[in-house]
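Here are some notes to keep beside you while you look around this structure for the first time.

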Amino acid sequence: MADKKTAARRGKRGRPRPAKPADLYAAVDLGTNNCRLLVATPHGKTFRVVDSHSQIARLGEGLHETGRLSDASIERALDALKAIRRKLKSHGVGKVRCIATEACRKAENGAEFIQRVHEETGLTFKIIGAKEEARLASIGCHDLIGDDAPSVLVVDIGGGSTELSWLNAELARANGLHGLIQRAPIQNWTSLPLGVVTLTEAYAHLPDADAYQAMLDHCGDVIETWQGTAAIRSAMKLRGAHLIGTSGTVTCLAGVHLKLDRYRRDRVDGTWMNRTAGEKVLDMLRAAGPEGRAALPTIGEERAGLMLAGCAILDALWRAYPAGRLRVGDRGLREGLLLSMMYGKKPSRRNRRGGGGKRRNRDGRDTPSASEAGHDG
């Protein structure tokens, strides 16, 4: 996927020089729990990462009970976004798109918050729908599809929801990245109201053992009520079919499975985990308790409090869709958005009298057309 080496071009004498701002792309993902930035340059059919930033903002904290983003969560998110804005300015990024997901979709004051973000940071966010979120996650994981897989289920466990995308893997391989961006062969998709933040808050009054079983039962009930479950269950039993997991829960799980003494993306991204090994790690994390999970180097204190809920969601999904293997992706929305920006169909540019496409603002900058996946910041 993304080449983690510094994106730099070589001069005549072989010395690296920084990429020009016009060559830089950036994707910003404002989720229910995390705020993430990825800056990259095109490279072949993928990209090279120049910089990245991830900051836990817990934007959706308390949203389940109140239906609104709290003042404290808004301030944390603004702090994270101001840090991201400083990074964008320091690099002079030429093309930026910013997306917001479940927390802003659900909150009564979500649109109001997005307007405040623009006023205080200059970043323009688009609140995307759950279907677009599932599509972008699928694009970001395009090269994790197994060579012999007839179909795959992309699982994106978030803070406020879990997106599922059931892909025709044969078509995805045949059409390549360009085809996936233009028309992803998604056979079915859904956004389940299961997130690590919302579940953790809902069952915080219970001891670990009781909370896990209650969350597992609840997740199972939600999954079974979705009309697509029966067909996907059958598809996942076919030889070669597998899950692709793209979330903090899954990458943390993989880090524990690999017995890493520190998190390493180069080891985690793309690794395979069979169901037996996965269940063994789930059982171990459940038994470890809050302090034991926090002590694990690839989880830590910040994520430890959400891991029980994440494990319950993944456990329930694996039981409902009994694929033999899961492939881990340390990537998702940001990567899918970057690939769409770099290699997707560019909107037509017309003169001012022609209308459509992009138009010029009074300050001379381009304004994206409504068909684009995100907004320039």
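Predicted model: local features only at pLDDT ≥ 70, side-chain atom pairs only at ≥ 80, totals over all residues.

1. Five strands form an open sheet in the order 5-4-3-6-7, and their pairing is mixed. At the edges sit strand 5 and strand 7 (125-127), each of which pairs on one side only. On average, neighbouring strands here are turned by 20 degrees against each other, direction ignored.

2. Strand 4 (residues 34-43) and strand 5 run antiparallel and are joined by 10 bridges. A handy landmark is Ala40, which stands opposite Val49 in strand 5. As background, strands of a sheet pair through backbone hydrogen bonds, either parallel or antiparallel.

3. Which strands does helix 2 (residues 71-91) lie across? They are strand 3 (25-30), strand 4, strand 5, strand 6 (95-100) and strand 7. Against strand 5, helix 2 runs at about 150 degrees.

4. Next, please find helix 14 (residues 333-343). Because 10 of its 11 residues are buried, helix 14 is largely enclosed by the rest of the structure. The buried set includes Leu333, Leu337, Leu338 and Leu339, and also Arg334 and Glu335. Gly336, Ser340, Met341 and Met342 are among the buried residues too.

5. How many disulfides does the structure hold? The count is zero. Take Cys104: the nearest cysteine sulfur belongs to Cys35 and is 10.0 Å away, whereas a disulfide needs two sulfur atoms within 2.5 Å, so Cys104 is in no disulfide. With a relative accessible area of 4%, Cys104 is buried.

6. Cys252 is in no disulfide, and the nearest cysteine sulfur, from Cys311, is 9.2 Å away. Is Cys252 buried or exposed? Its relative accessibility is 5%, so Cys252 counts as buried.

7. Now for a backbone angle in a loop. Arg58 has a phi near 50 degrees, a positive value in a residue other than glycine. You will find Arg58 in the loop between strand 5 (46-56) and helix 1 (63-66). Since its relative accessibility is 34%, Arg58 counts as partly exposed.

8. Lys259 also deserves a look. Its phi is near 60 degrees, again positive in a residue other than glycine. Lys259 lies in the loop that links helix 10 (248-257) and helix 11 (265-268). At 73% relative accessibility, Lys259 counts as exposed.

Note on methods. Residues numbered from 1 in each chain as written. Heavy atoms only, no water. Helix = DSSP H or I, 4+ residues; strand = E, 2+ residues; numbered from the N terminus. Buried < 20%, exposed > 50% of the residue type's maximum accessible area, 1.4 Å probe, protein only. Pairing = 2+ DSSP bridges. Axes fitted to C-alpha atoms, helices over the stretch in contact; angles between N-to-C directions. Contact = heavy atoms within 4.5 Å.
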